[in-house]
Amino acid sequence: MKPRTYCLLIAFALVAGGCSVQDRIARNPALFDSWPPVVQRLVEAGDIAPGFTPDQVRMALGDPDHIYTRTTAAGTDEVWGYRSHKPVITVGLGFSGGGGSTRVGGGTVVSTGSPYNDEVMRVIFSGGLVVAMEWAT
């Protein structure tokens with residue numbers, strides 16, 4: 001693969017990863033302006049805290065990769081799962097031989113992740129507010 005093509009693929013993967021916090025704020029400034037300054041500062045930093053609403057979490061972190069419910073002895077909570085969407089570069093090299101010849105091949109793949117990657121973060125809502133955040137270890 002030519003170096004220019006390789007660089008273009010990496011740039012595309014970085015851009016395709018999603019919009020930024022500032023983009024999400026710019027799309028809905030009235031909602032952002034309605035929140036207390038401490039919430040605004042956390043959202044601008046891409047952080048969340050217990051007590052956040054779904055709108056605040058969505059603006060800070062973006063849309064979750066999936067939403068599901070979890071039932072415990074304390075009740076049923078809504079869980080938003082987030083996966084890593086960082087670009088992944090995979091390089092492969094293969095060898096084969098036989099019959100008096102040897103073959104060598106290789107390839108490079110750039111992707112922005114897979115829907116089958118493990119969650120890196122879960123946001124747990126109860127009563128419509130964040131009650132906990134869990135991160136993968």
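Modeller: Of the 137 residues in the chain, 21% are buried, where buried means under 20% relative accessible area, exposed means over 50%, and partly exposed lies in between (1.4 Å probe, protein chains only). This is a predicted model, in which local features need pLDDT of at least 70 and side-chain atom pairs count only at pLDDT 80 or more, while totals for chains, interfaces and linings use all residues. Residues are numbered from 1 along each chain as its sequence is written, and side-chain values use heavy atoms, with hydrogens and water left out.

Biologist: What makes up the secondary structure of the chain?

Modeller: The chain has 5 helices and 6 strands, and these follow one another along the sequence as α-α-α-α-α-β-β-β-β-β-β. Both kinds of element are DSSP runs numbered from the N terminus, a helix being H or I with at least four residues and a strand being E with at least two.

Biologist: Why does Gln56 count as buried?

Modeller: Gln56, which lies in helix H5 (residues 54-61), has a relative accessibility of 7%, and this is under 20%, so the residue counts as buried. Once neighbours within four places in sequence are set aside, Gln56 is in contact (heavy atoms within 4.5 Å) with Trp35, Val39, Val43 and Gly51.

Biologist: And why does Gly46 count as partly exposed?

Modeller: The value for Gly46 is 22%, which lies between the limits of 20% and 50%, and therefore Gly46 is partly exposed. Gly46 sits in the loop between H4 and H5, and its C-alpha is 6.5 Å from that of Val21, although the two are 25 residues apart in sequence. Beyond its neighbours within four places, Gly46 is in contact with Val21, Ala60 and Leu61.

Biologist: How do you know which strands are the edge strands of the sheet?

Modeller: An open sheet is formed by 4 strands in the order E1-E2-E5-E6, with antiparallel pairing. Strand E1 (66-72) and strand E6 (129-135) each pair on one side only, and these are the edge strands. From one strand to the next the twist averages 30°, an angle between lines fitted to C-alpha atoms, for helices over the stretch in contact, running from 0 to 180 degrees between N-to-C directions.

Biologist: What makes strand E2 and strand E5 a pair?

Modeller: Two strands pair if DSSP finds at least two bridges between them. Strand E2 (residues 75-83) and strand E5 (residues 119-126) run antiparallel and are joined by 6 bridges, so they meet that condition. Within this pairing, Tyr82 stands opposite Met121 in E5.

Biologist: How do you know that Arg58 and Asp63 form a salt bridge?

Modeller: The term asks for a side-chain nitrogen of Lys or Arg within 4 Å of a carboxyl oxygen of Asp or Glu. For Arg58 and Asp63 the N to O distance is 2.9 Å, so the pair qualifies, and it is one of 4 salt bridges in the structure. Arg58, at 31%, is partly exposed, whereas Asp63, at 54%, is exposed because its value is over 50%.

Biologist: Which parts of the chain does the salt bridge of Glu134 and Arg70 tie together?

Modeller: The side chains of Glu134 and Arg70 meet at 3.1 Å, N to O. Glu134 belongs to strand E6 and Arg70 to strand E1, so this pair ties together parts that are 64 residues apart in sequence. Glu134 also forms a salt bridge with Arg122, with their closest N and O atoms 3.2 Å apart, and this pair links strand E5 with strand E6 across 12 residues. Through shared partners, salt bridges join Arg70, Glu119, Arg122 and Glu134 into one network.

Biologist: What makes a set of residues a nonpolar core?

Modeller: A nonpolar core is a set of buried Ala, Val, Leu, Ile, Met, Phe, Trp, Tyr and Cys residues joined through side-chain atoms within 4.5 Å. The largest one here has 18 residues, of which Val43, Ile48, Phe52, Val57 and Val123 touch the most other members. Helix H2 (21-27), helix H4 (37-44), H5, E2 and E5 each give two or more residues to this core. Among the residues that Val123 touches, leaving out those up to four places away in sequence, are Ile48, Val57, Leu61 and Val79. In soluble globular proteins, nonpolar side chains tend to be buried together.
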